[in-house]
Amino acid sequence: MVKEYIESNKQRFLDELFELLRIPSVSADSKKKNDVRNAAEFIKEKLVAAGVDKVELCETPGHPIVFAEKIIDPLMPTVLVYGHYDVQPPDPLDLWHSPPFEPVVKDGKIYARGSCDDKGQVYMHVKAFEAMTKLKLLSCNIKFMIEGEEEVGSEHLGTFVAANKEKLKADVILISDTAIISLDTPSITVGLRGLSYMEVEVTGPNRDLHSGVYGGAVANPINVLSKMITSMHDENGHVTIPGFYDKVVELSTSDREAMNKAPFNLDAYKKELGMDEIQGEKGYTTLERTGIRPTLDVNGIWGGYTGEGTKTVLPSKAYAKISMRLVPNQDNKDITELFTKHFLSIAPKSVKVKVTALHGGQAAITPTDSKAFKAASAAFEEVWGKRPIPTRDGGSIPIVALFKKELGLDTVLMGFGLDSDALHSPNEHYGIKNFVLGIETITAFYKHFSKA
Ligand code: BES
Ligand code: MN
Ligand code: MN
């Protein structure tokens with residue numbers, strides 16, 4: 001029944017999603033503030049059309065949060081759906097094969113910024129809800145909380161959650177903002193990494209200098225910063241910040257073995273990335289390196305002259321944005337502190353260093369023995385014909401740990417993207433098949449969850 005409903009409304013679902021994808025809701029770009037709000041309004045409107053009894057835009061000092069609910073019976077269980085309608089900046093624009101906010105379908109995939117992360121996945125929930133209300137299949141209460149600041153660190157969500165515990169009361173959180181292994185191998189994410197995101201500024205001379213007149217005689221902050229960054233990994237790919245690994249939980253051999261049973265093809269992985277060789281922490285497989293190990297990476301580095309041609313200059317300043325992915329039990333505030341202390345300590349006297357913490361969040365592990373997880377597993381089995389494999393993803397959704405802490409609620413991470421969907425990259429895309437199967441799987445989840 002659901003399948004027929006989706007099939008006969010599929011084109012409209014896609015047309016609506018395209019409309020949402022055309023709104024450039026880039027939360028990081030203050031010039032896009034109105035567009036971000038328009039995306040929130042769009043979601044609100046569509047939730048109303050799909051049959052919620054209450055919906056509001058909850059204002060924050062930043063972008064608004066869409067909250068909606070359909071309470072069919074206060075005595076029935078409640079699912080709180082979380083997602084985000086904001087997207088990453090589309091840059092670099094010249095690498096897109098079609099404009100990021102003009103969705104097109106190619107080879108069964110929707111190309112647009114946010115198609116997978118997370119508008120396409122949020123919209124599956126809106127349409128699954130529509131299908132269930134129209135077909136009178138809704139068997140539990142639903143609340144929606146769709147935010148507009150996820151891609152910039154969910155700055156105001158913590159306050160909102162803490163101040164609205166009653167409103168957000170539910171039995172479980174359901175999120176589609178992660179990936180499956182492949183269309184042939186469904187999976188459910190059971191772990192996410194945490195994050196600590198820093199910016200550093202290294203100052204050498206008090207002004208840019210002629211690199212001939214002064215070069216060789218004074219510290220070049222870019223040279224110094226590069227050396228400092230290099231020193232933060234040893235030859236085995238371990239992070240050298242003292243105390244960095246202190247709280248990291250080492251998995252048992254059997255847990256590691258189980259984790260490595262998930263299908264993974266190194267050659268296909270390298271090919272997809274256009275790389276001849278990969279590298280990472282010694283002693284761990286690729287799945288472990290992204291799933292259960294913490295990391296340190298430079299996200300951006302700048303300073304000096306980067307314009308056309310040449311300019312002989314010895315820069316006054318050098319900057320870098322450095323993020324650390326964290327694993328369960330590492331505290332992001334501790335790590336931020338350890339980084340700061342270490343970074344200041346390795347700076348030579350020839351430069352001045354400023355360290356700023358930008359944002360962060362805790363890692364999360366979700367239970368696999370809960371009613372909700374079992375319902376998600378059964379839903380995949382029903383729709384995909386295969387039992388989903390539990391996986392640990394490398395990305396972060398800091399709100400998951402916050403939900404547990406503030407509301408005492410566990411989350412089910414039922415995402416339908418693919419790692420190869422180019423999230424945060426040029427040419428982000430999302431399979432129409434993933435979208436359709438996602439809607440079906442979500443409705444199956446509700447069926448199994450309310451039966452349990
Ligand atoms: N949806 C992603 C997180 C993700 C992607 C989890 C793929 C698992 C698999 C989310 O929108 C995201 O990008 N999160 C940020 C963190 C945030 C604090 C900016 C991230 O992981 O970089
Ligand atoms: Mn996301
Ligand atoms: Mn993202």
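This is a predicted model: local features need pLDDT of at least 70, side-chain atom pairs count only at pLDDT 80 or more; totals for chains, interfaces and linings use all residues.
The ion is coordinated by Asp-117 (OD), Glu-151 (OE), Glu-151 (OE) and His-424 (NE2), at 2.1 to 2.6 Å. Along the sequence, these donor residues follow the spacing D-x33-E-x272-H. Asp-117 sits in the loop between E5 and H3, and Glu-151 in the loop between strand E6 (141–147) and helix H4 (157–163), so the pair ties together parts that are 34 residues apart in sequence.

The manganese ion (ligand 2) has a site of its own. Its coordinating atoms include His-84 (NE2), Asp-117 (OD), Asp-177 (OD) and Asp-177 (OD), at 2.0 to 2.3 Å. The six donor atoms there subtend angles of 57 to 166°, which makes this arrangement irregular. For reference, ideal angles for six octahedral donors are 90 or 180 degrees. The donor residues of the manganese ion (ligand 2) are spaced H-x32-D-x59-D in sequence.

## The bridge

What links the manganese ion (ligand 3) and the manganese ion (ligand 2)? Asp-117 bridges them, and the two ions lie 3.6 Å apart. Asp-117 lies in the loop between strand E5 (109–111) and helix H3 (119–134). Asp-177 lies in the loop between strand E7 (172–175) and strand E8 (187–192). The pair therefore ties together parts that are 60 residues apart in sequence.

Asp-177 is buried at 12%. Glu-151 is buried too, at 13%.

Ligand 1 is surrounded by 16 residues. The closest are Glu-150, Asp-177, Arg-325, Ser-396 and His-424. By class, this shell has four nonpolar, six polar and six charged residues.

A polar side-chain atom of Arg-325 lies 2.7 Å from an oxygen atom of ligand 1. A side-chain N or O atom of His-424 is 2.8 Å from an oxygen atom of ligand 1. Ser-396 uses its backbone: an N or O atom there lies 2.9 Å from a nitrogen atom of ligand 1. Taken alone, ligand 1 exposes 520 Å², and the protein buries 91% of that.

Most residues other than glycine have a negative phi, and most peptide bonds are trans. Some places here depart from that pattern. His-424 has a positive phi of about 70° although it is not a glycine. His-424 lies in the loop between strand E17 (411–413) and strand E18 (429–431). At 40% relative accessibility, His-424 counts as partly exposed. Lys-136 also has a positive phi, of about 55°. Lys-136 is in the loop between H3 and E6, and at 73% relative accessibility it counts as exposed.

The bond from Asp-117 to Asp-118 is cis, with omega near 0°. Asp-118 is found in the loop between E5 and H3. The bond from Asp-91 to Pro-92 is also cis, with omega near -5°. Pro-92 lies in the loop between strand E3 (78–84) and strand E4 (104–106).

How values were computed
Residues are numbered from 1 along each chain as its sequence is written. Chains are lettered from A and ligands numbered from 1 in the order in which they are written. Side-chain values use heavy atoms; hydrogens and water are left out. A residue is near a molecule or strand if one of its heavy atoms lies within 4 Å of it. A polar contact is a pair of N or O atoms within 3.5 Å; within protein, one must be able to donate a hydrogen and the other to accept it, and residues adjacent in sequence count only if both atoms are side-chain atoms. Accessible areas come from the Shrake-Rupley method with a 1.4 Å probe; for residues, only the protein chains shown count as cover. Ala, Val, Leu, Ile, Met, Phe, Trp, Tyr, Cys and Pro count as nonpolar, Asp, Glu, Lys and Arg as charged, and the others, Gly among them, as polar. Donors are N, O and S atoms within 2.8 Å of the metal (3.2 Å for Na, K and Ca); water is not among the atoms, so sites may look incomplete. Four donors count as tetrahedral if all angles lie between 85 and 135 degrees; four count as square planar and six as octahedral if opposite donors are over 155 degrees apart and all others between 65 and 115; anything else is irregular. Helices (H or I, at least four residues) and strands (E, at least two) are DSSP runs, numbered from the N terminus. Buried means under 20% relative accessible area, exposed over 50%, partly exposed in between (1.4 Å probe, protein chains only).
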